[in-house]
Amino acid sequence: MFVSDEDLMMKCRKGDMSAFELLVRRHQNPLINYIHRSIDDYHRSEDLSQETFLRVFKSASRYEPTASFKSWLYTIATNLCRNEIRNRSRRNTYYLEDLVEEGEDIHHTEIMQDTRYLPDILLEKKEQRQIIRKALAQLPENQRIALTLITYQELRYEEVAEILGCSVGAVKALIHRARQKMKKLLIKAGIGEERGNEKI
């Protein structure tokens, strides 16, 4: 039987470590990916993910399910991302990812049989992902965070508004401006007009 995040946190509040471990397993990879897109440093995103869960654990005894656990989790992570961005100068090093996108479960037999995974096509996909990440890193902080939460983490506008501490209308405006800027940056890089319906 599926147990909600909020119920798991109430169990954590009573000292149930297995409930906390389940929450970590459930949210760790999406959270790392979110932080990665926000600060543009994959290795550091792993550290900040651990720090986020550490803060969740330390706050467990005071937890009250007044909002969704996911909103609360991403609020903590977002604040850590903002601190990270503000406390260090922007580095121009972009960490290369594996040939396959994070979280994509690909078996070797599928790679051998599927033309999408031919070396030339994989290289092109990797280069496009790098361009998208560089474009995302050029967005203003709130635009980048809002766009990442909506597009990649698939949060609702209301949840993002709660995380950013603004209105739903303000979130929609941020998303609109972010997508317009991303479109211009990607077109300038030569891939924007070819992306069709892929997420931007």
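Because the model is predicted, local features were taken at pLDDT of at least 70 and side-chain atom pairs at pLDDT 80 or more, while totals for chains, interfaces and linings use all residues. Residues are numbered from 1 along each chain as its sequence is written, and side-chain values rest on heavy atoms, with hydrogens and water left out.

The protein holds nine helices and zero strands, and its elements read α-α-α-α-α-α-α-α-α from the N terminus. Here helices (H or I, at least four residues) and strands (E, at least two) are DSSP runs, numbered from the N terminus. Of the 200 residues, 42% are buried; buried stands for under 20% relative accessible area, exposed for over 50%, and partly exposed for values in between (1.4 Å probe, protein chains only). The accessible surface amounts to about 11,600 Å², and carbon and sulfur atoms contribute 50% of that area. These areas come from the Shrake-Rupley method with a 1.4 Å probe, and for residues only the protein chains shown count as cover. Among contacts with a separation of 6 or more, 65% link residues 24 or more positions apart, a contact being heavy atoms within 4.5 Å.

Helices α7 (141-151) and α9 (residues 168-189) pack with their axes 9 Å apart and at an angle of about 95°. The axes are lines fitted to C-alpha atoms, for helices over the stretch in contact, and angles run from 0 to 180 degrees between N-to-C directions. Helix α7 is therefore roughly perpendicular to α9, in a scheme where angles under 35 degrees are roughly parallel, over 145 roughly antiparallel, 65 to 115 roughly perpendicular and the rest oblique. On the α7 side the contact involves N142, Q143, A146, L147, I150 and T151, and on the α9 side L174, I175, R177, A178, R179 and M182. Seven of these residues are nonpolar, three polar and two charged. Nonpolar covers Ala, Val, Leu, Ile, Met, Phe, Trp, Tyr, Cys and Pro, charged covers Asp, Glu, Lys and Arg, and polar covers the others, Gly among them.

The loops on either side of α7 are worth a visit too. P140 sits in the loop between α6 (119-137) and α7 and is partly exposed, with a relative accessible area of 41%. The C-alpha atoms of P140 and A178 are 8.2 Å apart, although 38 residues separate the two in sequence. E154 belongs to the loop between α7 and α8 (157-164); this residue is exposed at 56% relative accessibility and has a positive phi of about 55° without being a glycine.

A positive phi, near 60°, is also found at D40, again a residue other than glycine. D40 lies in the loop between α2 (17-39) and α3 (42-59) and counts as buried because its relative accessibility is 9%. Its C-alpha atom is 8.1 Å from that of K134, which is 94 residues away along the chain.

Finally, a search of the whole structure gives zero disulfides, defined as pairs of cysteine sulfur atoms within 2.5 Å. C81 is buried at 0% relative accessibility, whereas C166 is partly exposed at 28%.
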